[in-house]
Amino acid sequence: MINPTGFNRQFVSQLFVTNYSWLCSRVRAKVGCAASAEDIAAETFVRVLTMRDPGSVREPRAFLSTIARHLIYDVWRQRDLENAYLKSLADLPEQFQPSPEEHLIMIEAVVSLDKMLDGLPGRGKAAFILRQFGNLTYEQIGEQLGISAPRVHQYITQAYRYSLKMLNPL
Amino acid sequence: MSQSAHEQILDEAAQWLALLDSGHASAQEERAFLEWQARDPRHASSIQAFKGQMLGLQGAGLGRLAPEQLLKTIKAPSSRRAFIRNATGLLGVSAAAILTARALPDDVFAFHDLVSGTGQRRQLQLPDGSQLLLNARSRITPDFGDGNRHLTLREGELQVAVAQGRQQPLRIETPAGVVSSLDSVLQVRRDAQLTRVLVLSSNALLTTLDGQRLALKAGQGAWFNGQGQLEVRTSPPDALLWVKGLMKVYDQPLGSLIDALRTYRSGIIRVSPQAAQLRVSGIYSLDDTRKTLLALRDSLGLEVQFYTDYWVNISLPERAAKT
């Protein structure tokens, strides 16, 4: 996947040499942990490497900061989701708790589902999840959410539009 | 492609998916959907990307969570908003466009695959008029372009009533071999070790990967692996049971019956090792797995705990386990 042209590779290594420590300290000021700051800074450069045309970036530091900020959001969102997931498990008796492996895989899947539905209204998310994972009919979903089946149909269409867009970037 | 053309495709795809999901799509509409996918590879690939993603999520175990639990998790408030409120400007500089490379499972899922989920048998009419029934958790790739009549069974099990009156046979391909027929009713199933073809009416021709050719008549079945092994027997009388949502077992360990139920039930079923060894016989419902589990509890004296519908624990009662 990472297959930069000679020019881009040179450009990115130049970018890296000039800005890596700057970016690390910038991110560290925000996340407060040197190790995760380095991870995020490194991931930022990986993102730049996979861009179609990194050479077109005019303000490298502004650009790097923006990418890093989004990565920080991702990390935070993941932590939010993980906490919420753990909370939902807390009530389960021990024999029903997932194993650590199941747990990790599950968190990862929750994160990508969250990305897919990002931006949808709460009812849209609910309708989509009840349909896809609960196998409920539109009528049953409508009952549960207190809306009509045609309205559920609209919400589901919208949810499909969001996730298709996310999965099929131009 | 222009942005608007791209968006229009995704828009149409979303409307198709939502229509089919509603359960109110007519057979005609299902066919029109297949045609829509065949019309443009971008149509098919948009659907394929979605189905691939969903299968991945199901495979990761999201299907085992109660949907309410999943929903609560996804609705977790975002600390990103708090961050924007509290710390605007710390990292923030002018916004620039971000291009993220996204890895799609393009090597895993072919164009316009037809997929059935857990506990879902899907009935479909193929473009040549053949009637297809997919067992739960199955996946096929149809190819009916350029006059082809071709199905590839990727996972699971199918039954097809081949539409008659064509010059060219319908071909069903598996990694272990190809079966073709002009007019029969066939079942093909992929298990971990063996592939099974059952001919329920008329006849069919099997060509295994290792080059063995064999004509099969109604009532015959072939078990093969494409690497030398090929066995022909009378087709088992219970082959039609799954079509009706039933399953028959005769003196099998409970564990293997539960394994079969898993394809029909969302959620985790845990069986204690002692209980898994019990022998069971009988005909059980695949469509109502709760009923099946309760019937097993009553006939075998098992302890079956439902903790929500998604977590089931099966064990021997305390006293029996100790003796």
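What follows is a short exchange about a predicted model.

Trainee: What makes Thr18(A) exposed?

Mentor: Count its neighbours. Thr18(A) has 12 other C-beta atoms within 10 Å. The cut-off for exposed is 12 or fewer. So Thr18(A) counts as exposed.

Trainee: Where does Thr18(A) lie?

Mentor: In helix 1 of chain A, residues 6–31.

Trainee: Why is Tyr162(A) called buried?

Mentor: Tyr162(A) has 20 other C-beta atoms within 10 Å. Buried takes 20 or more. Therefore Tyr162(A) is buried.

Trainee: Which residues does Tyr162(A) touch, leaving out those up to four places away in sequence?

Mentor: Leu117(A), Gly119(A) and Leu120(A). A contact needs C-beta atoms within 7 Å. Met116(A) is 46 residues away along the chain, with 6.9 Å between its C-alpha and that of Tyr162(A). That value is a C-alpha distance, whereas the contact test uses C-beta atoms.

Trainee: Which helix holds Tyr162(A), and what is the confidence there?

Mentor: Tyr162(A) sits in helix 7 of chain A. Helix 7 spans residues 149–167 and has the highest confidence in chain A, at a mean of 94. Helix 1 of chain A has the lowest, at 78. Chain A as a whole averages a pLDDT of 82, and 91% of its residues score at least 70.

Trainee: Why does confidence matter for reading a model?

Mentor: Where pLDDT is low, predicted coordinates should not be read in detail.

Trainee: How do you know that the span of helix 3 of chain A is close to the expected one?

Mentor: Helix 3 covers residues 60–89, which is 30 residues. The expected span is 1.5 Å times one less than the number of residues. That gives the expected 44 Å, and the helix reaches 43 Å from first C-alpha to last. Its buried residues include Phe63(A), Ile72(A), Leu81(A) and Tyr85(A).

Trainee: Now chain B. What makes strand 2 and strand 14 edge strands?

Mentor: Start with the order of the open sheet: 2-3-6-9-10-13-14, 7 strands with antiparallel pairing. Strand 2 (122–125) and strand 14 (230–234) each have a single partner strand, so one side of each lacks a neighbour in the sheet. The twist averages 15° from one strand to the next.

Trainee: How do you know that strand 2 and strand 3 of chain B pair?

Mentor: Pairing needs at least two bridges. Strand 2 and strand 3 (residues 131–134) have 4, in the antiparallel sense. So they pair. Leu124(B) has Leu132(B) in strand 3 as its bridge partner.

Notes:
Residues numbered from 1 in each chain as written. Chains lettered and ligands numbered in written order. Predicted model: local features only at pLDDT ≥ 70, side-chain atom pairs only at ≥ 80, totals over all residues. Helix = DSSP H or I, 4+ residues; strand = E, 2+ residues; numbered from the N terminus. Axes fitted to C-alpha atoms, helices over the stretch in contact; angles between N-to-C directions. pLDDT = per-residue confidence, 0-100. Contact = placed C-beta atoms within 7 Å.
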